[in-house]
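Keep the structure open beside you as you read.

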Amino acid sequence: MKLASFIANEKERTGLVVGDTVFDIHEVVKAVPNMKTFSKPRFFQTDITGFRLIDLLELGMEGSDGLRRMNDFIIWVMEEGDSFLLRNARFDCEAIRWLPPIPNPPLMFGIGGNSPFFFRDKPYQIPGYPQGFLRPRSRTALIGHKETVTIPPYLRNFRSAAELGVIIGKTGRYVPAKEAMEYVAGYTLVNDMCSDTWKQYALRGIDEALVETDSSVFAARHTTSFYSRSIDTFAPVGPYLVSRDEVPDPYNLMIYNRLSGIQRERSYSQALVNDIEHTIEYLSRMFTLKPGMIIHMGTMSIDGYTVEQDMRLTDEDYFEIEYEKIGVLRNPVNDLRESEEEIWP
C-alpha cells in the first residue's frame with residue numbers, strides 16, 4: 001500500500017497510489033453512496049472529513065485497516081467494477097504536484113555516520129549508538145518528488161545521499177528493540193542534501209581528525225552539520241509512504257544514487273552501523289515517539305557523492321535516488337552558484 005500527499009486542482013489532498021494513478025481518499029468515500037448495490041463498504045468508523053495522512057496514522061489500527069480496505073476496494077472497482085464511479089477521485093501521477101508524504105512531520109531526525117564504509121579511512125571510533133541531527137520541518141525545507149532543489153550561490157560544494165526514511169506509526173516511549181518495528185508505519189526515501197562549505201568555513205584549515213581530542217573542533221564540526229542541512233529544499237522526501245507489510249525485510253534492498261541518470265553510487269541496505277530497531281529504542285528513551293515522525297537512517301554506502309565547486313549543474317540536471325521495493329525520488333536542480341570565488345561576509 002502506497003500513501004501520498006499531493007496537490008491537484010489547487011487543493012491539498014491525501015491519496016492511495018495504485019499503479020500510475022493516485023486516488024483522493026476523500027473523493028473515494030464520497031463515491032461510495034453512488035454504488036448501485038444494497039450493501040455498501042464502510043472503510044472507517046470515524047468521520048475522516050478533512051483528515052491528512054498524519055491524522056490517519058493517529059487513528060492507529062482503524063486508520064491502517066480502513067486504508068487497506070479502501071485500497072482493495074479501488075483495485076476491485078478499477079478491475080471488475082464500474083471505474084466511472086471513481087472518476088472524481090482519480091489523478092494521473094504525472095499530473096499532480098507531489099508533497100512529502102508527511103508534509104510537516106512532528107520531527108525530522110537524521111542519523112549521521114551510520115555507514116561502516118564512512119570509517120574506513122578515518123581515525124574516528126565507530127559509534128555504538130545513533131548520532132544525528134534535527135532538520136527543519138517547514139514547507140520550504142522539506143520538498144516532494146519532482147520539486148526543485150535550489151543550490152545557494154555561497155556554497156562551494158554539496159552532497160546527495162540516498163537514505164531510508166522510517167515513518168513512525170504510533171505513540172511510544174521506552175520502546176524495546178524487539179518491539180520497535182510495531183511502531184513503524186512504513187518507509188519513504190530521503191535525499192540527505194548537505195554541504196561541507198559550512199564545515200570548511202568553521203574549521204578554517206584545522207585538521208578535522210582533531211575532532212576526537214579537541215572539544216572546540218568537535219563542536220565546530222557537529223554544529224555545522226546542522227547548518228549545512230538546514231538550507232531550504234535540502235530535504236527531498238517521497239514520493240510516498242510504502243506500508244511496512246510491503247517491505248518485509250528493509251535490510252535486503254538494493255540502493256541507487258544517480259545524477260542526471262548517471263549512477264554515482266550503488267549499495268545495499270544491510271550496510272549500516274545502527275539498525276532501525278535499536279535506533280527507535282534509543283530515541284524513544286529521550287522523547288515520545290509520535291505518528292508521522294520521520295527518522296532517516298543515514299547513508300548505507302560512502303557518504304553520498306559530492307558535486308564539487310567547479311561542477312555547474314543546468315536546468316536539465318536532476319538528482320535521483322532509488323530503494324528497491326520503495327520507489328524512486330527524483331528532483332530537478334536550480335544551481336545558483338556563479339563563481340568559484342569566496343562568497344562570505
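Which residues of helix H6 (residues 276-286) are buried? They are Ile-276, Glu-277, Thr-279, Ile-280, Glu-281, Leu-283 and Ser-284. "Buried" means under 20% relative accessible area, "exposed" means over 50%, and "partly exposed" is in between (1.4 Å probe, protein chains only). Helices (H or I, at least four residues) and strands (E, at least two) are DSSP runs, numbered from the N terminus.

Before going on, note that this is a predicted model, where local features need pLDDT of at least 70, side-chain atom pairs count only at pLDDT 80 or more, and totals for chains, interfaces and linings use all residues. Residues are numbered from 1 along each chain as its sequence is written, and side-chain values use heavy atoms, with hydrogens and water left out.

**The whole chain**

- The protein chain has six helices and 19 strands.
- Out of 345 residues in the protein chain, 53% are buried.
- Take the contacts (heavy atoms within 4.5 Å) between residues at least 6 apart in sequence: 76% of them join residues at least 24 apart.
- The protein chain has an accessible surface of about 16,200 Å², and carbon and sulfur atoms own 49% of that. Accessible areas come from the Shrake-Rupley method with a 1.4 Å probe, and for residues, only the protein chains shown count as cover.

- At the N-terminal end of H6 you'll find a cap, Asp-275, with a side-chain oxygen 3.4 Å from the backbone nitrogen of Glu-277.
- Thr-279 is part of H6, and it counts as buried because its relative accessibility is 1%.
- Skip the neighbours within four places in sequence, and Thr-279 is in contact with Ile-111, Pro-130, Asn-274, Ile-295 and Met-297.

**The second largest pocket**

- This pocket holds about 480 Å³ of space. On a 1 Å grid over the protein atoms alone, a pocket is an open set of points where a 1.4 Å probe fits, with protein on both sides within 12 Å along at least five of seven lines; lining residues have an atom within 4 Å of a point. Grid points are joined across faces, edges and corners, and the volume is the space filled by probe spheres set on the points.
- Its lining has 21 residues, and those nearest the centre are Met-61, Ser-64, Val-184, Ala-185 and Arg-244.
- Helix H2 (53-58), helix H3 (61-79), E12 and strand E13 (235-243) each give two or more residues to this lining.
- H3 gives the most, with six residues.
- Sorted by type, the lining has 10 nonpolar, five polar and six charged residues. Here Ala, Val, Leu, Ile, Met, Phe, Trp, Tyr, Cys and Pro count as nonpolar, Asp, Glu, Lys and Arg as charged, and the others, Gly among them, as polar.

- From Gly-238 to Pro-239 the peptide bond is cis, with omega near -5°; Pro-239 lies in strand E13.
- Tyr-174 isn't a glycine, yet its phi is positive, about 50°. You'll spot Tyr-174 in the loop between E11 and E12, and it counts as exposed because its relative accessibility is 56%.
- Lys-325 also isn't a glycine and has a positive phi, near 75°. Look in the loop between strand E18 (318-323) and strand E19 (327-335); Lys-325 counts as exposed at 51% relative accessibility.

- Glu-58, in helix H2, is exposed with a relative accessible area of 52%. Glu-58 and Pro-291 are 233 residues apart in sequence but 5.9 Å apart in space, C-alpha to C-alpha.
- Ala-141 sits in the loop between strand E7 (131-134) and strand E8 (142-143), and is buried at 4% relative accessibility.

**A buried charged residue**

- Asp-192 is in the loop between E12 and helix H4 (197-203) and is buried, with a relative accessible area of 2%.
- Beyond four places in sequence, the contacts of Asp-192 include Phe-133, Arg-135, Glu-163 and His-296.

Methods: Polar contact = N/O pair within 3.5 Å; in protein donor to acceptor, adjacent residues only side chain to side chain.
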